[in-house]
Amino acid sequence: MKRRIKKVAVLGSGVMGSRLACLFANIGLDVLLLDILPPNLANNPSTPRNAVANKALADTLAAKPSPIYHPSLARHIQTGNLDDDLARISTCDWVLEAVIENLDIKKALFAKVEQYRKPGTLITTNTSGIPIQLLAAERSSDFTKHFAGTHFFNPPRYLPLLEIIPGPETDAQVVDFLLDYGDRYLGKTTVMAKDTPAFIANRVGVYSILLIFKLMQDYGLCIEEIDAITGPLVGRPKSATFRTCDVVGIDTLTKVADNLYKDCPGDESRDYYLVPDYVRKMVANGWVGDKSGQGFYQKVKLEGGNSDIHSLDIKSLTYRPKEKIRLAVVAALKEEDNLAKRIMKLAQFDDKYGKFTADFFGKLFAYAAHRIPGISDLPHQVDDAIKAGFGWEMGVFEIWDTLGVAKQVEKNPAAYPQWVHHMVHSGIHSFYSINQGQKLSYSPTANTHQAIAGTHDFIVLDGLRQSKLVWSNKGASVIDLGDGVLGLEFHSKMNTFGEEVITALFRAIDLAEKSYDALVIGNDGQHFSAGANLASIFMLAIEQEYDELSMAVSTFQKAMMRVRLSAIPIVAAPFNLSLGGGCELVLHADAVQASAESYIGLVEVGAGLIPAGGGTKEFALRASDAYYSGDPELPYLNQQFMTIGMAKVSTSGKEAFDMKILTPGRDHISINRRRLLGDAKNKALSLARAGYTPPSLRTDIKVLGKTALGGLLAGAYAMQQGNYISAHDLLISQKLAYVICGGDLSEPQMVSEQYLLDLEREAFLSLLGEKKTLERIQSILKTGKPLRN
């Protein structure tokens, strides 16, 4: 029988439980969130019996960043308590336990759950390390058959890892369902883990942190130096090592390390889990990270209300102002965009940082190799877990491929297990390979590369780029995605729009119209597009090359209209940052397949400009299409004006619909980022096969002229008088209002898209002539933040 999930019960409303409730609500499931009765209820009988769950959910919904895609989705969550409402789990298809990490408490709860749970329904635990077989002990056959570990990582909306841990009696169909459901419906990178201490990601991830603690002392490095070379430089989050520890909690890290030392007596690298003395002293002092206000870093308030960041000297255990580290190796690798090449060059660098890196990776490779088949049967499962759980861009075995498998083994043959030697001696020198665009992973048991289960629907551009490249330049590539669909991939810095990307956009559409049925615009980078290349705009403006600027803006407008009016359907696949020009591309596509985690918006005001790639025009057009006979028109236009004027960015793909960036019925959301390009391709094919007819240039856009212009200008002036915006912001608002109203026309009338594009371009160029605009752009280029002048 086909298993369907309509309602989920989450038992435990703590930090993780309440966020898991939001995760399920995000996809429209009804959720029952239960927790204990309030303490001292007998002495406070007026306290609501659901107060614990109510408060936990309220706190979670108020958290930033939000765990929920849209406030309206919270309606799917009902709260209750474990005394009065546990019987309600009989109506649920999945019961997920997320109470405190205590074996006895969990087992006692499961005994009660079994009284009410409907036979055949899923029952899982979010434990981060308690053995699944112990949790399921003494339960019925039907319970154990449908019981497994579902280890989500916190925060579950933003960290995609979901480890599925079967128990000894878990039905194989239940495991397969959880793996597929987590991937397809919850947007997770699902990995099957064995029932071993800390499972996969924490086992390897915590080892890597403790290894860094040890090597830092061996190489005489300080906290700032370590964070400089273990962050984005090697494809890790900006929080690198020690900032990550502060966020996670140094006490939590210590507890996990202690448990691993105790529970892994046969681990060849067990001693690395012995936490250094200075970390023990930090925990004893209560210096456990963000939750205590100090850890490896400390935020110190200064006179005048300012603050400064201090870092810990691990030798003296005293804090000092954080050093601004400028390492030669970081400077040398700054311009290398290819992560694999950057890691290779770093490991070969002839200084203590290069030697640290080579030593670190060598030991990490050996440790991960020894964990197979103990914690997992396949290398790609370890890589998937560490990437999705710890935010690494490349997994352990992927990095090993980069540095050379055989080369690493030759350095220290005794460090590696037999299966690695067998692999190398068999002539297999990489853990991954590409075959007909599909990524394959090495299987130690089969001693060959095999397809990765569950990925046949994924489009991996790294795999297609070798054999399906149609055309490319420095900024972008055009790739044959198969089935008559062409793909355009940006690979400029932050995927910004410069001359190369715009040239590629024209070229891709020409090629698609000539020989293909559709075009998908998307990529496998960190972001869809951060917008225009501000550096090139700034240089032209400083040199007062206004003719070239005018031509550049005009060319970009033509590129966006080429997208709008092409003879084949074009689908945009935005994800993460889709700002400025990236948003304008989304606005002009025939359809959008957006990631659930899409942060889309027209942010040009922050740079002292207005959108001039058709963004302002498109917002005027969409306001016009929203006007209904007899309804007041100004509110629609004002909403569009404020969205641009406040540089609003959606906090999710769902919110982008509210902002009128995405259109219901036409545009859709992909929950799983890894399925985005495949979903976009299917959408493009459906448009092509339905008999696509290209749109024509619009000449029926109703603009309101002076009837709306006065109101918008009055509102902007009032904000400036109230010191909410600066005088320069007022000037930008005046330019924006003029364009979105269609100029100072004496009465409402119909205009064309080209008319509005011309107004956009004129306003954009005039603002570039303002000194304060250039100051803002310069601030963004230097600090990443706009100057509020």
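Me: What share of the 789 residues in the protein is buried?
Reply: Buried residues make up 54% of the 789 in this predicted model. Buried means under 20% relative accessible area, exposed means over 50%, and partly exposed lies in between (1.4 Å probe, protein chains only).

Me: What is the radius of gyration, and why compare it with a globule?
Reply: The protein has 28 Å, which agrees with the value near 28 Å for a compact globule of 789 residues. The radius is taken over C-alpha atoms, and the globule rule is 2.2 Å times the number of residues to the power 0.38.

Me: How many helices and strands?
Reply: There are 31 helices and 25 strands. These are DSSP runs numbered from the N terminus: helices are H or I with at least four residues, strands are E with at least two.

Me: New topic. How many cavities of 30 Å³ or more are there?
Reply: Two. A cavity is a set of points on a 1 Å grid over the protein atoms alone, where a 1.4 Å probe fits but cannot get out; lining residues have an atom within 4 Å of a point. Grid points are joined across faces, edges and corners, and a volume is the space filled by probe spheres set on the points.

Me: What lines the largest cavity?
Reply: I229, T230, V234, R236, F356, T357, F360 and F361. Its volume is about 50 Å³. Helix α14 (residues 352-370) gives the most to this lining, with four residues.

Me: And what about the second largest cavity, how much space lies in it?
Reply: About 40 Å³. Its lining is L461, I479, L481, G487, L488, E489, V520, G522 and L677. Strands β16 (476-482) and β17 (485-490) are the elements that give two or more residues to it. The largest share, three residues, comes from β17.

Me: Now K106. Buried or exposed?
Reply: Buried, because its relative accessibility is 0%. K106 is in helix α3 (residues 103-116).

Me: Which residues is K106 in contact with?
Reply: Leaving aside neighbours within four places in sequence, K106 contacts E97, V99, I100, E101, T125, T127, I130 and L135. Contact means heavy atoms within 4.5 Å.

Me: Which phi value does E138 have?
Reply: Near 75 degrees, a positive value in a residue other than glycine. E138 is in the loop between α4 (132-135) and α5 (141-145). It is exposed, with a relative accessible area of 67%.

Me: And what is the phi of N447?
Reply: Positive, about 55 degrees, although N447 is not a glycine. N447 is in the loop between β13 (438-443) and β14 (448-451). With a relative accessible area of 21%, N447 is partly exposed.

Notes. Residues are numbered from 1 along each chain as its sequence is written. This is a predicted model: local features need pLDDT of at least 70, side-chain atom pairs count only at pLDDT 80 or more; totals for chains, interfaces and linings use all residues. Side-chain values use heavy atoms; hydrogens and water are left out. On a 1 Å grid over the protein atoms alone, a cavity is a set of points where a 1.4 Å probe fits but cannot get out, and a pocket is an open set with protein on both sides within 12 Å along at least five of seven lines; lining residues have an atom within 4 Å of a point.
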